[in-house]
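Subject: Structure handover

Hi,

Here is the structure I promised to pass on. Please open it first, then read the notes below.

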Amino acid sequence: QVQLVESGGALVQPGGSLRLSCAASGSIFSINYMGWYRQAPGKQRELVATFTATGGTTYADPVKGRFTISRDNAKNTVYLQMNSLKPEDTAVYYCHALVTLIARSIISHWGQGTQVTVSS
């Protein structure tokens, strides 16, 4: 099985910065995809940032220029650097991955989420 553990969420003031981390562990053969999503109260879960199949990056319009996704392949970890945070960024942030297991099955897996609150 696979575990995705997010960390780094906190209460910050507008204009502040945070870095979220998502570490994958388990019987992993390869990680086909990793990305970040978020869900605010009463809203649908939405894409924030992802790595594409070709190794590029994709960002949702509201976070372009402020958020940066990165990864450490050796650690099976993906990061989300968030700068110039706004109150509307307040949400639970989730890591999502498509993972090929050692048994060669492919699964979709979500982390438990980490709370980001932007408020003065």
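A residue is called buried under 20% relative accessible area, exposed over 50%, and partly exposed in between (1.4 Å probe, protein chains only). Note that this is a predicted model: local features need pLDDT of at least 70, side-chain atom pairs count only at pLDDT 80 or more, and totals for chains, interfaces and linings use all residues. Residues are numbered from 1 along each chain as its sequence is written, and side-chain values use heavy atoms, with hydrogens and water left out.

The disulfide

A disulfide here is a pair of cysteine sulfur atoms within 2.5 Å. The structure holds one. It joins cysteine 22 to cysteine 95, with 2.1 Å from S to S. Cysteine 22 lies in strand β3 and cysteine 95 in strand β9, so the link ties together parts that are 73 residues apart in sequence. Strands are DSSP runs (E, at least two residues), numbered from the N terminus. The angle about the S-S bond is -80°, and the link is left-handed. Cysteine 95 is buried, at a relative accessible area of 0%. Cysteine 22 is buried too, at 0%.

Two strands pair if DSSP finds at least two bridges between them. Four strands form an open sheet in the order β1-β3-β8-β7, with antiparallel pairing. At the edges stand β1 (2-7) and β7 (67-72), each with a single partner strand, so one side of each has no neighbour in the sheet. Six bridges join β1 to β3 (residues 18-26). Glutamate 6 stands opposite cysteine 22.

Strand β11

In a regular strand the side chains alternate between the two faces of the sheet. Strand β2 (residues 11-12) runs parallel to β11, joined by two bridges. There, leucine 11 stands opposite threonine 117. Strand β9 (residues 91-101) pairs with β11 in the antiparallel sense, over three bridges. Valine 92 has glutamine 115 as its bridge partner in β11.

Arginine 38

Is arginine 38 buried or exposed? At 7% relative accessibility, arginine 38 counts as buried. Arginine 38 lies in strand β4 (residues 28-39). A polar contact is a pair of N or O atoms within 3.5 Å; within protein, one must be able to donate a hydrogen and the other to accept it, and residues adjacent in sequence count only if both atoms are side-chain atoms. The side chain of arginine 38 makes one with the side chain of aspartate 89, at 3.0 Å. It makes another with the side chain of tyrosine 93, at 2.9 Å.

Best wishes
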